[in-house]
Amino acid sequence: MICIANLGAGFKGCFHQAPAFDIQLKEHTAVRPDLQGLEITKGELKHLSGVSIDAVVRPPTPRKFLAEIFNTLLLIGLIFVSNFLLILAFPDHRLALIAVHAVVAAVLIIQDAIKIFFSLNHRHFINLIDDVHRFNITIKGIDINDQIEAAGNPRVGLKDRDRVIQALKLTREDIVRALKTEKVLRENERFIKVNPDLFANNLTALAALQVNEQASEYGRILNEAFQIGLSIQDEMKQLKVRHLNE
């Protein structure tokens, strides 16, 4: 559950956190223009990284991998049950049915193996996806706050909104740059000479916006943006070291 505190005199608004990347801004007139286009959608993420969010296991933990394998085995079991029942109904097409079901099972196994292998070997990319998710949650929180304000609660208006949006735009730039950089490094494993500009970030600008604003809701959002920026910077440093040492 995500809560937006300090929305006014003792008011606190909460909403349940949706599964990863199910958090999207609704297309309604209440969405303010300055929020439109800030969210990083699943489609944009795939375009920037070249990888679908559905092609990785999150989080990349043994328990999650086991759950993924179990689900695949369950599907394969259902495929074999289907194959058995269809053979009973159409015995003359036994070989064709066996072949079709075997191909489907093999495809599931291969896809699952690729998914697990990729997740094991590209943990930095998964960490970036988590940063994207955190960023989208922050955008969603502001949108809900705006809706509460539009419903007749003017006291919950976000302080220094322009600076908050500026900070979020800087963070978005860092996320986009990080995703593009990770893609270049992933697709060019022997790539040694990396353009230094790719590893630039907006942390200095974010830090300047953050000064003396820790106690307010505005400060909380800026701090979240700054923490996401730090996380991205750390991932980029580790990626650079990893690929330069290969």
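By contact I mean heavy atoms within 4.5 Å, so hi everyone, let's start there. Among contacts in this protein between residues at least 6 apart in sequence, 74% join residues at least 24 apart.

Some housekeeping. This is a predicted model, where local features need pLDDT of at least 70 and side-chain atom pairs count only at pLDDT 80 or more, while totals for chains, interfaces and linings use all residues. Residues are numbered from 1 along each chain as its sequence is written, and side-chain values use heavy atoms, with hydrogens and water left out.

Now the layout. There are 7 helices and 2 strands, taken as DSSP runs numbered from the N terminus (helices H or I, at least four residues; strands E, at least two). Reading from the N terminus, the order is β-β-α-α-α-α-α-α-α.

What share of the 246 residues is buried? The value is 41%, with buried meaning under 20% relative accessible area, exposed over 50%, and partly exposed in between (1.4 Å probe, protein chains only). The accessible surface of the protein is about 13900 Å², and carbon and sulfur atoms hold 60% of that; areas come from the Shrake-Rupley method with a 1.4 Å probe, and for residues only the protein chains shown count as cover.

On to the inside. A nonpolar core here is a set of buried Ala, Val, Leu, Ile, Met, Phe, Trp, Tyr and Cys residues joined through side-chain atoms within 4.5 Å. The largest one has 31 residues, and Val56, Leu168, Ile175 and Leu179 have the most contacts inside it. Helices α1, α4 (123–150), α5 (161–187) and α7 (217–245) each supply at least two residues of this core, and α4 gives the most, with 8. Leaving out residues up to four places away in sequence, Ile175 touches Ile40, Asp131, Val132, Phe135, Ile228 and Ile232.

Is Ser49 buried or exposed? Ser49 counts as buried, because its relative accessibility is 0%. A polar atom of the Ser49 side chain lies 2.7 Å from the backbone oxygen of Leu45 and one lies 3.2 Å from the backbone oxygen of Val51. Beyond four places in sequence, Ser49 touches Phe125, Leu179, Lys183 and Arg186.

Last, the outside. In soluble globular proteins, nonpolar side chains tend to be buried together. Here, though, Phe70, Leu74, Leu75 and Leu78 form a nonpolar patch on the surface, together about 420 Å² of accessible area. Patch members have over 30% relative accessible area and no salt bridge, with nonpolar side chains (Val, Leu, Ile, Met, Phe, Trp, Tyr) joined within 5 Å and like charges within 9 Å; a salt bridge puts a side-chain nitrogen of Lys or Arg within 4 Å of a carboxyl oxygen of Asp or Glu. Leu78, in helix α2 (residues 62–89), is exposed because its relative accessible area is 52%.

Conventions
Polar contact = N/O pair within 3.5 Å; in protein donor to acceptor, adjacent residues only side chain to side chain.
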